4 protein chains.
Amino acid sequence: MRVGVLTGGGDCPGLNAVIRAVVRKGVQEYGYEFTGFRDGWRGPLEGDTVRLDIPAVRGILPRGGTILGSSRTNPLQAENGIRRVKENLAGLGVDSLVVIGGEDTLGVATRLSDEYGVPCVGVPKTIDNDLSATDYTFGFDTAVGIATEAIDRLHTTAESHMRVLVVEVMGRHAGWIALHSGLAGGANVILIPEQRFDIERVCDWVTSRFKASYAPIVVVAEGATPRDGEMILKDGTLDSFGHVRLSGVGEWLAKEIEKRTGKEARTTVLGHVQRGGTPSAFDRWLATRFGLHAIEAVRDGDFGTMVALRGTDIVRVPMREATARLKTVDPELYAEVGVFFG
Amino acid sequence: MRVGVLTGGGDCPGLNAVIRAVVRKGVQEYGYEFTGFRDGWRGPLEGDTVRLDIPAVRGILPRGGTILGSSRTNPLQAENGIRRVKENLAGLGVDSLVVIGGEDTLGVATRLSDEYGVPCVGVPKTIDNDLSATDYTFGFDTAVGIATEAIDRLHTTAESHMRVLVVEVMGRHAGWIALHSGLAGGANVILIPEQRFDIERVCDWVTSRFKASYAPIVVVAEGATPRDGEMILKDGTLDSFGHVRLSGVGEWLAKEIEKRTGKEARTTVLGHVQRGGTPSAFDRWLATRFGLHAIEAVRDGDFGTMVALRGTDIVRVPMREATARLKTVDPELYAEVGVFFG
Amino acid sequence: MRVGVLTGGGDCPGLNAVIRAVVRKGVQEYGYEFTGFRDGWRGPLEGDTVRLDIPAVRGILPRGGTILGSSRTNPLQAENGIRRVKENLAGLGVDSLVVIGGEDTLGVATRLSDEYGVPCVGVPKTIDNDLSATDYTFGFDTAVGIATEAIDRLHTTAESHMRVLVVEVMGRHAGWIALHSGLAGGANVILIPEQRFDIERVCDWVTSRFKASYAPIVVVAEGATPRDGEMILKDGTLDSFGHVRLSGVGEWLAKEIEKRTGKEARTTVLGHVQRGGTPSAFDRWLATRFGLHAIEAVRDGDFGTMVALRGTDIVRVPMREATARLKTVDPELYAEVGVFFG
Amino acid sequence: MRVGVLTGGGDCPGLNAVIRAVVRKGVQEYGYEFTGFRDGWRGPLEGDTVRLDIPAVRGILPRGGTILGSSRTNPLQAENGIRRVKENLAGLGVDSLVVIGGEDTLGVATRLSDEYGVPCVGVPKTIDNDLSATDYTFGFDTAVGIATEAIDRLHTTAESHMRVLVVEVMGRHAGWIALHSGLAGGANVILIPEQRFDIERVCDWVTSRFKASYAPIVVVAEGATPRDGEMILKDGTLDSFGHVRLSGVGEWLAKEIEKRTGKEARTTVLGHVQRGGTPSAFDRWLATRFGLHAIEAVRDGDFGTMVALRGTDIVRVPMREATARLKTVDPELYAEVGVFFG
């Protein structure tokens with residue numbers, strides 16, 4: 001049995017931990033051989049491979065990124081994409097694939113597995129934690145940890161200068177990182193894409209915080225938008241999803257808050273640091289267990305499935321369902337943390 | 001409504017986050033007043049209190065330890081303990097208690113609530129994660145993170161000197177910290193209290209790791225014991241639980257490994273650093289949500305219950321059941337990670 | 001003897017450590033009393049004070065920011081500023097001042113001390129490390145550590161996607177943070193304000209790095225500027241100092257690199273996280289020793305001086321000289337690290 | 001020109017940074033070739049080598065330990081040691097050596113260079129910072145950082161339980177790590193090998209801290225000893241240097257403090273975590289500059305010298321002098337920080 005492995009989409013702490021677990025268990029317990037594909041679906045499409053055995057995965061557990069590289073190549077959109085993938089797999093003697101990726105990468109795997117007879121097992125990857133089939137995805141805990149540490153640091157600057165500090169974190173469609181890091185970091189306002197915010201109310205929270213002689217921290221997901229869309233058009237630009245672009249919602253917020261409250265405001269955009277570097281212990285644990293269970297699914301011939309976390313168990317779910325629906329922040333949960341606003 | 005709050009047992013990162021959430025929500029949403037009791041059950045027993053309001057809980061979210069202090073005082077074992085507690089609560093006008101603690105502290109709360117009419121809501125606290133009613137307890141993630149970082153650091157020393165490094169972590173009765181940090185840290189052997197270990201097999205793993213030209217890391221829970229109990233009596237001492245004492249199992253292991261494999265071995269005992277300092281983002285999130293739900297249980301008059309994590313939800317469970325059974329590492333889960341040994 | 005203490009300018013990890021050391025030694029060894037002034041020179045100007053004794057400085061050593069608050073108020077520019085300061089000091093019985101701040105704050109202290117008979121001792125503070133009289137200033141090591149950790153994290157993203165990552169760090173007039181964090185983080189290009197950069201050469205380095213199959217990290221100080229100033233005017237805006245503004249030099253660089261090399265490039269602007277949060281051990285050590293020596297200078301009546309680090313010694317230098325000249329990166333030192341470019 | 005490189009003695013964060021800098025500059029600027037020797041002096045003695053070129057040093061900057069391995073092998077004590085080293089160097093065409101190590105390793109280099117015509121340049125390495133010729137050695141800042149973070153964490157446990165926490169840090173003959181981390185961590189007692197301590201006075205400090213309603217942290221260097229040596233013999237064992245062994249001075253202290261003050265006391269022995277893992281930014285900077293200057297000394301034919309830090313400059317000193325005298329903590333400096341005791 002020869003198993004191919006690929007990682008697609010944006011990089012995410014824990015990818016290497018998955019790869020290592022898949023290979024360690026596959027080789028030692030099942031006697032499998034492995035083929036690594038480079039740069040996501042580009043690897044099978046172009047037949048670009050890399051040696052993948054026990055020595056190749058030594059020492060990679062604590063390392064961020066992916067030793068296989070990544071890309072957003074989609075074979076379904078390439079000329080003769082499916083046929084080329086199938087020919088390359090056949091030529092290399094690859095019997096099945098472990099596909100580690102997000103919505104897009106797993107979407108391809110779903111169709112290949114369900115419609116084109118390429119046996120795939122999926123491992124969910126999204127730093128944004130917005131996949132409905134699993135309690136958490138690896139990489140999310142690391143991102144939240146980095147954002148929380150940044151917020152911890154910004155508190156002291158806010159207090160020393162009695163300034164508003166706006167922190168823009170990742171999350172285009174779901175506010176999980178903003179919600180978790182904002183709560184953990186003791187933010188006074190948390191804005192998420194799931195609920196358009198009212199800039200007046202944000203300013204009220206900011207003002208009430210100053211009245212208590214403290215300086216406010218505003219955590220905002222990059223995809224959060226104000227209630228009154230038109231208002232922004234004067235200052236910034238809305239992209240095709242109706243999101244503030246160009247300078248970003250963080251900078252827009254700082255400017256509005258300054259204008260409306262008369263308090264100095266500054267923005268920090270955390271950006272790529274949230275997704276790089278060594279994974280947290282939680283993410284190493286989760287990614288490793290995902291890898292162990294993914295190769296077990298291959299052994300069981302349970303293709304078209306994806307591993308997922310439910311409580312403390314790793315389960316298998318149909319990949320088709322798993323990628324169908326975005327997991328967004330529940331309004332009740334958002335309301336729950338609102339007690340800390342202001 | 002006046003609610004008393006106390007924290008009992010060993011300290012644990014996240015205690016302050018619970019206290020803050022209880023008070024914030026209690027004051028802002030329900031209009032409650034609070035009384036802080038000092039040093040666990042000693043507070044109600046001796047009527048030792050501390051002011052507990054919004055200003056008192058400002059800024060404590062990222063701080064380890066507990067602003068209320070802690071102790072192992074047990075009013076059930078004190079002379080007229082129950083009566084004194086009830087009189088003090090009545091005297092202070094305290095209507096109900098939020099009790100944050102482990103098995104012992106919550107055991108008292110259970111009896112007070114169920115048998116003596118003192119309305120209590122429990123919040124589980126154990127750094128060891130060995131409480132069966134909840135997926136995780138706060139403090140555990142922080143401890144695992146600290147232990148993992150230490151193991152990361154020890155790898156380089158092990159490799160540079162081609163030495164065995166034994167890391168003794170917390171866990172007297174359950175191996176959760178050893179299992180999670182050992183897996184996350186890429187340990188080559190993980191020994192837990194749930195399964196007596198075979199020193200010969202440990203030495204085989206150590207030797208096989210050296211044969212692959214790498215230096216092994218052995219992670220051992222403080223409560224782990226070798227299969228052949230008598231063997232230890234020659235070198236160390238068994239305590240009344242049959243556990244190796246005096247020098248600890250870590251030092252015993254290093255000596256045995258040196259003797260049997262001829263390789264240099266060193267021990268690091270992580271000790272109290274695992275339970276101190278700022279909580280991880282995960283623990284701040286969990287502890288905060290526990291606090292929010294505990295005060296909601298008080299509001300609902302749902303006494304005798306304890307908050308618990310199930311998947312991503314906070315639920316309520318009868319406190320009596322919750323503290324009844326130790327949650328130990330499942331043999332299957334332990335077997336799952338065995339693929340990384342050696 | 002009553003000593004006033006104030007902190008001015010941008011906040012900086014270690015300010016609290018200085019305050020604590022001044023007060024601890026002043027009270028315990030010399031029997032002094034202290035008056036804290038709020039928000040830099042605004043405090044003496046408006047007579048706004050805060051209690052400053054042993055209990056007030058407990059626990060502040062590891063905390064970033066300043067318990068005294070800060071501002072950029074300049075009494076020399078306020079109406080009757082000098083007179084009001086002197087009257088307020090006299091009214092409060094304050095005999096001398098320990099002034100902790102950067103160029104501007106100490107510039108005021110110099111004139112007050114030398115020209116207006118207000119006895120001041122200075123403690124240098126600049127996160128940018130650009131003060132010529134001292135080997136290092138506190139806060140700088142913390143900033144470099146945070147920037148280095150960010151660069152460490154960004155490497156994995158760069159490698160996984162084979163992208164250029166541009167990191168913009170603090171340093172308007174001096175490139176110390178860029179130089180130290182860039183070197184420590186293994187950057188492939190480091191750009192500093194002291195030497196206008198040649199965008200063509202930067203692109204050559206970027207390209208050569210990709211040829212070796214690695215993805216480049218470019219670290220740029222916010223004040224760095226390209227050799228050919230006019231070139232920028234097409235894309236961005238130059239401010240009155242001739243520096244690229246609006247989007248910042250980091251974003252400008254990413255765009256130019258993309259355009260010229262055809263490689264994807266992304267920018268991360270670290271911003272305020274560099275100056276917030278707990279100080280590094282080095283900065284706590286340096287700030288504490290500065291504080292101990294500053295109050296000793298007060299005891300010796302050695303006013304108009306500033307404490308400074310020389311090797312491992314704390315010395316006193318005339319404040320007038322100390323603030324006179326900016327310490328910029330020596331061309332030789334910059335050339336020394338050039339071996340790592342590309 | 002072919003240059004050999006070896007690392008000897010205990011491992012230390014920054015060794016890899018030195019190796020990388022030596023090779024990068026040697027290859028790129030001087031066109032040298034390199035031979036890596038394995039495990040310190042064992043390499044040249046047994047002719048055990050490893051390839052050392054630009055690809056070999058890629059990515060090692062942030063990694064602790066040493067890619068060359070280390071040992072305490074001393075060719076001066078091996079049969080025909082000098083002759084074998086010289087023959088192996090000649091056989092491999094190695095013209096000169098860069099020797100990175102502490103007192104012992106550099107002692108060998110000094111004699112080889114001065115007496116036996118083996119051209120050596122030294123790079124000082126001691127985590128303990130006890131080398132007189134240089135302001136600081138790399139690895140020290142990392143060790144102090146790790147110890148400080150541990151002390152930060154232990155404060156919360158001490159406070160929550162009103163317990164004494166004793167932290168034993170590295171430093172057999174010099175108290176630098178204890179002094180720096182103790183000061184940075186806000187310890188209430190710091191005990192160093194340079195000054196025998198008075199257990200009565202330690203207990204006074206402990207007691208006075210409790211009187212102020214705080215719990216004390218005692219930081220003790222492993223080599224610290226009590227004034228009255230005989231006293232210890234009853235409880236522990238003195239080794240041949242007169243130091244407490246077996247259980248270590250930390251455990252001895254905790255027991256004595258408990259006995260004498262009646263307060264609970266606990267010990268944490270930090271051990272090997274202090275010397276492993278990624279170097280701090282400061283240590284990467286220092287180690288890199290040491291490497292750059294060491295290879296420059298080779299180019300200049302300036303053998304028998306060692307690189308050293310003086311202020312912010314890297315200088316060369318005669319290796320013979322450099323290793324002659326231990327740099328211990330100055331009594332004045334120790335007295336300076338005494339203001340924080342109790």
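Predicted model: local features only at pLDDT ≥ 70, side-chain atom pairs only at ≥ 80, totals over all residues.
The same surface serves both of them, since 100% of the contact residues of chain A recur in chain B.

How many residues does each chain bring to this contact? Chain A provides 41 residues, and chain B provides 41 residues. Together the two chains bury about 3,600 Å², and 62% of that area is on carbon and sulfur atoms. On the side of chain A, the residues that lose the most area to chain B are A:Trp285, A:Val339 and A:Phe340, which together make up 21% of what that side buries.

Charged and polar groups also meet here. Between chain A and chain B there are 4 salt bridges. In a salt bridge between the two chains, the side chain of B:Arg289 meets that of A:Glu336, with 3.0 Å from N to O. Across the same interface of chain A and chain B, 14 residue pairs are in polar contact, both partners being at pLDDT 80 or more. Several helices of chain A give two or more residues to the side that touches chain B: H1 (15-30), H6 (140-161), H7 (176-184), H11 (281-299) and H13 (331-337). The largest share, 8 residues, comes from H11(A). By residue type, this side of chain A divides into 18 nonpolar, 11 polar and 12 charged residues.

Chain B also meets chain D. In this contact, 30 residues of chain D touch 30 residues of chain B. The pair buries about 2,200 Å², with 53% of it on carbon and sulfur atoms. In chain D, the residues losing the most area to chain B are D:Arg153, D:Ser160 and D:His272, together 31% of what that side buries. What is the count of salt bridges between chain D and chain B? It is 0, while the count of residue pairs in polar contact, both at pLDDT 80 or more, is 17. Helix H6 (140-161) and strand E9 (265-269) of chain D each supply at least two residues to the side that touches chain B. H6(D) gives the most, with 10 residues. The residues on this side of chain D divide into 7 nonpolar, 17 polar and 6 charged.

Two individual residues bring the view down to a local level. The first topic is a threonine in a loop. B:Thr137 lies between strand E5 (120-124) and helix H6 (140-161) of chain B. Is B:Thr137 buried or exposed? With a relative accessible area of 1%, B:Thr137 is buried, because buried means under 20%. A polar atom of the side chain of B:Thr137 lies 2.6 Å from the backbone oxygen of B:Thr126. Leaving aside residues up to four places away in sequence, B:Thr137 touches B:Pro124, B:Thr126, B:Asn129, B:Leu131, B:Asp283 and B:Leu286.

The other residue is a glycine in chain C. C:Gly338 lies in the segment after helix H13 (331-337) of chain C. With a relative accessible area of 27%, C:Gly338 is partly exposed. Its C-alpha atom is separated by 9.5 Å from that of C:Leu183, although C:Gly338 and C:Leu183 are 155 residues apart along the chain.

Key: Residues numbered from 1 in each chain as written. Chains lettered and ligands numbered in written order. Heavy atoms only, no water. Helix = DSSP H or I, 4+ residues; strand = E, 2+ residues; numbered from the N terminus. Buried < 20%, exposed > 50% of the residue type's maximum accessible area, 1.4 Å probe, protein only. Polar contact = N/O pair within 3.5 Å; in protein donor to acceptor, adjacent residues only side chain to side chain. Contact = heavy atoms within 4.5 Å. Buried area = accessible area lost by both parts, 1.4 Å probe. Nonpolar A, V, L, I, M, F, W, Y, C, P; charged D, E, K, R; others polar.
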